[in-house]
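Thanks for coming. I will go through one structure, a piece at a time, and I will keep to what can be read from the model.

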Amino acid sequence: MKNITVFLSIFILLLSGRLPCQSSEAYLCGTPQLSFIKEALRGSTQIFPDESAPNPRVPSAPTLPVGAERTFFAPDFRSMQQYTVSAVLRGVGDFCYVFVQQSEWNARVTAETVQSIVRAFDAATPANPHRGIYQTLTQSFGAPPDIDGNGKIILLLLNIRDANHIDQYTAGFFNPADQSRGVLRNPGFRRFPIRSNEADMLYVDTQPLNPSSEAAHNVIAHELQHLIHWGHDPHEATWIDEGCAGYASFLCGYSVLEHVAAFERNPSISLIAWPEMDTDALPHYGATFLWMLYLHEQHGGLQTLTEIVQNRGTSLNGVADVLASNGTTQNISEIFNNWKLTNYLSDYRTIRLSLEPRRWHRSYPSGTQDGQLRNFSADYIGFEDAGGLTLGFSSRSRESSTAHAIEFHNTGDVHKREIILSTDGSGSIVLPDTVTNVILIPSLQSQGINAQTRNTQYQYNATRGAHITFITVALPNPVHSQYWDIIAVPSEPLVGLVPYVILMRVENNVERLHQESQAMYRVTPDSPNNYMYRLSFRLDPEIAPESVTYQISLDSRIVDTRALE
């Protein structure tokens, strides 16, 4: 049973924006590097008894005494092989055992270090001085597994062997292999078998992470969520798991600012595709955390995040299931569109963002510009002095691309507009004269097959005035004599724009509308170098062609008027 008082206090802190954010370093979580183990553990035939284990798992009773020694298996992220770590139990809490690598004791780890970790895990966090990491997260997301039957989480403090990047390092991880028994022989670490510690445990770095710092407690909260999530849904997608882990740190009051800042510097990454190289992962931590924070603030609060952790569906399917069960009528694409706008406008209650567009345009016409979107990513393109501009947009992915504009007016108003795309994936908007700056935000969101790897190209342009000209001609159809074809060739590609034709007829010296405005269609639309447009219409035999004129307009501007001949 969850403690209602604690639940409400954490919830109020989140909504009020009073959660403290301490400074942190740009650390990486090693858990995604071990995600291949998730798939290997699907088949029990790959697990074998480990007759060579150096010692049995921690017994459930009696409680181990401080000073007990144990050897653990740990992954080396440089060689992707296992090695052994000799450790000594240096602290015991209500919910944790704190083991310390022997070589780190009284070097990077002291008794005061262990005491502070036990206190953070058991008793107090920045968000709540009366609840530690363990109770905060288990009351929020559910109990962790207990494979070793001792009712405690082992926290192993060790000098993690990682790639030693200058500005990034692996600060901690949860190894799913420890939730099995015996030896995982396939795929293993580069064909070497993986031995399980058969324990509910987390690994916390001691170099360069300062184990005595609040940043270390932050890492512990992050990794504990991974263990809890594994117990509910061992095959969850990495991006969901990491987003929930970042949210868990935030829930405890620890900083996520470095990860959010990395996303601010690179906001066009895919939300759902976790990078293969850990050095590219920093902005993804920020993106996935912000997605979870958005769901918390806009779609059901902490309960929604709890259900996402406990739901057996994976990736966007699990999120969609949870939202639908809670009565959300918006689909995932609509929610993503609102999220991408929220990020630029920083419409969060508990955190401030400052995104910069990928590029700014300051002179017009901008010319046709190309871009590319990965699935579930958004681009941000800025235009200064934008009053009266026509923004055109065109996408190769007709069914799953969207484009929005955020208008900043000289009155101080901010308006959000969707650019309605036609069946060929193109559309445009005309900006009011009161607009000072505008941000164009195209995005792609497809939940189909191979969703993670899908991408598409798009084009945009910004024009003002009558600089686009046309060569036009009207010709009788050589096959059907009652039909005419109007051909129009613009001086440059019409990104997001479509020319329209109105037919007028002179009868008894009075000009009247003969045919309402109709859109021309692009001839061979898949050819990037073909800009010809065509419209066919029928002319009754009794109507003299010379009595009919055609008027071509682009974006409400008449660009040509001629008579049939």
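I start with a pair of strands: S22, residues 483-490, and S26, residues 533-538, run antiparallel and are joined by six bridges. If you want one place to look, find Ala-488, which stands opposite Tyr-533 in S26. Before going further, please keep in mind that this is a predicted model.

Now the sheet around that pair. It is an open sheet of four strands, and the order is S21-S22-S26-S25, with antiparallel pairing. Which strands stand at the edges? They are S21, residues 470-476, and S25, residues 521-522. Each of these has a single partner strand, so one side of each is left without a neighbour in the sheet.

There is another open sheet to describe. Four strands make it up, ordered S24-S23-S27-S28, and the pairing is antiparallel. Its edge strands are S24, 510-519, and S28, 557-563, each of which pairs on one side only. On average, neighbouring strands in this sheet are turned by 20 degrees against each other, with direction ignored.

Within this sheet, take S23, residues 500-507, and S27, residues 548-554. These two pair in the antiparallel sense over six bridges. Ile-502 is a residue to look for here, as it stands opposite Gln-551 in S27.

Follow the chain into the loop between S23 and S24, and you find Asn-508 there. Asn-508 is not a glycine, yet it has a positive phi of about 55 degrees.

While we are on the backbone, there are two cis peptide bonds to point out. One joins Gln-207 and Pro-208, with omega about 10 degrees. Where is Pro-208 placed? It sits in the loop between strand S10, 201-205, and helix H5. Another cis peptide bond joins Tyr-364 and Pro-365, and here omega is about 5 degrees. Pro-365 belongs to the loop between strand S11, 359-361, and strand S12, 369-374.

The axes of H3, residues 111-122, and H5 come within 10 Å and cross at roughly 45 degrees. How does that angle class the pair? H3 and H5 are therefore oblique to each other. As for handedness, H3 passes H5 in a right-handed crossing.

How many cavities of 30 Å³ or more does the count give? The count comes to six. The largest cavity has a volume of about 70 Å³.

What lines the largest cavity? Its lining has 13 residues, and those nearest its centre are Lys-38, Phe-174, His-226, Trp-230 and Asp-241. Helix H5, residues 214-232, gives the most to this lining, with three residues. By type, the lining residues of the largest cavity divide into five nonpolar, four polar and four charged.

Start at Pro-208 in its loop between S10 and H5, then go to H5 and look for H3 crossing at roughly 45 degrees. After that, turn to the largest cavity, where H5 gives three residues to the lining. That is the end of my part.

Terms used:
Residues are numbered from 1 along each chain as its sequence is written. This is a predicted model: local features need pLDDT of at least 70, side-chain atom pairs count only at pLDDT 80 or more; totals for chains, interfaces and linings use all residues. Side-chain values use heavy atoms; hydrogens and water are left out. Two strands pair if DSSP finds at least two bridges between them. Axes are lines fitted to C-alpha atoms, for helices over the stretch in contact, and angles run from 0 to 180 degrees between N-to-C directions. On a 1 Å grid over the protein atoms alone, a cavity is a set of points where a 1.4 Å probe fits but cannot get out, and a pocket is an open set with protein on both sides within 12 Å along at least five of seven lines; lining residues have an atom within 4 Å of a point. Grid points are joined across faces, edges and corners, and a volume is the space filled by probe spheres set on the points. Ala, Val, Leu, Ile, Met, Phe, Trp, Tyr, Cys and Pro count as nonpolar, Asp, Glu, Lys and Arg as charged, and the others, Gly among them, as polar. Angles under 35 degrees count as roughly parallel, over 145 as roughly antiparallel, 65 to 115 as roughly perpendicular and the rest as oblique. A crossing is left-handed if the near helix is turned anticlockwise from the far one by less than a right angle, and right-handed if clockwise.
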